[in-house]
Amino acid sequence: MNIKPLADRVLINPTPAEEVTMAGIIIPDSAKEKPLKGTVLAAGNGTKDEEMTVKPGDTVLYGKYAGTEIEFEGEKYLIMRQSDILAIIAD
């Protein structure tokens, strides 16, 4: 991965939205529920006031409108502050 988040930011690979079909109706991407779960790919070093508690490989839950969507090499990712992460899912 060539993206290294700065300070208290993390790079997340969102879990794909589940496609729900009813009676042959295909739901367009714009109507799908935004995923609230993803995997941390990279994390910054933190700040003097906030130590990084997430690390690459962690599966996390985040708010519906958290972060900024970016596209890198054809893949979509989210970059957000660690404070936008709601929880780490224990394996």
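Setting aside neighbours within four places in sequence, Met80 is in contact with Asp8, Arg9, Val10, Ile12, Tyr62, Ala66, Gly67 and Ile85; contact here means heavy atoms within 4.5 Å.

A word on what you are looking at. This is a predicted model, in which local features need pLDDT of at least 70 and side-chain atom pairs count only at pLDDT 80 or more, while totals for chains, interfaces and linings use all residues. Residues are numbered from 1 along each chain as its sequence is written, and side-chain values use heavy atoms, with hydrogens and water left out.

Now the overall layout. The protein has 0 helices and 6 strands, where helices (H or I, at least four residues) and strands (E, at least two) are DSSP runs numbered from the N terminus. The 6 strands form an open sheet with antiparallel pairing, in the order E4-E5-E1-E2-E3-E6; two strands pair if DSSP finds at least two bridges between them. E4 and strand E6 (85-89) are the edge strands, each pairing on one side only. Direction ignored, neighbouring strands of this sheet are turned by 40 degrees against each other on average, with axes taken as lines fitted to C-alpha atoms and angles running from 0 to 180 degrees between N-to-C directions. Of contacts between residues at least 6 apart in sequence, 64% join residues at least 24 apart.

Back to Met80 and its strand. E1 and E5 run antiparallel and are joined by 4 bridges; in that pairing, Val10 has Met80 in E5 as its bridge partner. Strand E4 (residues 68-72) also pairs with E5 in the antiparallel sense, over 5 bridges. Thr68 has Ile79 as its bridge partner in E5, and Glu71 stands opposite Lys76. The hairpin of E4 and E5 has 2 residues between the strands, and Glu73 takes a positive phi near 50 degrees there.

Next, the core. The largest nonpolar core has 12 residues: Val10, Ile12, Val40, Ala43, Met52, Val54, Val60, Tyr62, Ala66, Leu78, Met80 and Ile85. Strands E1 (9-14), E2 (37-43), E3 (59-62) and E5 (75-81) each give two or more residues to this core. By nonpolar core I mean a set of buried Ala, Val, Leu, Ile, Met, Phe, Trp, Tyr and Cys residues joined through side-chain atoms within 4.5 Å. Buried is under 20% relative accessible area, exposed is over 50%, and partly exposed is in between (1.4 Å probe, protein chains only). Of the 91 residues, 26% count as buried.

The Asp58 side chain reaches the backbone nitrogen of Lys55 at 3.0 Å. Not counting residues up to four places away in sequence, Asp58 touches Gly38, Thr39, Val40, Thr53 and Ile88.

The other residue is Pro14, which lies in strand E1. Pro14 has a relative accessible area of 21%, so Pro14 is classed as partly exposed. Pro14 and Leu36 are 22 residues apart along the chain, and their C-alpha atoms are separated by 7.6 Å.

Notes: Polar contact = N/O pair within 3.5 Å; in protein donor to acceptor, adjacent residues only side chain to side chain.
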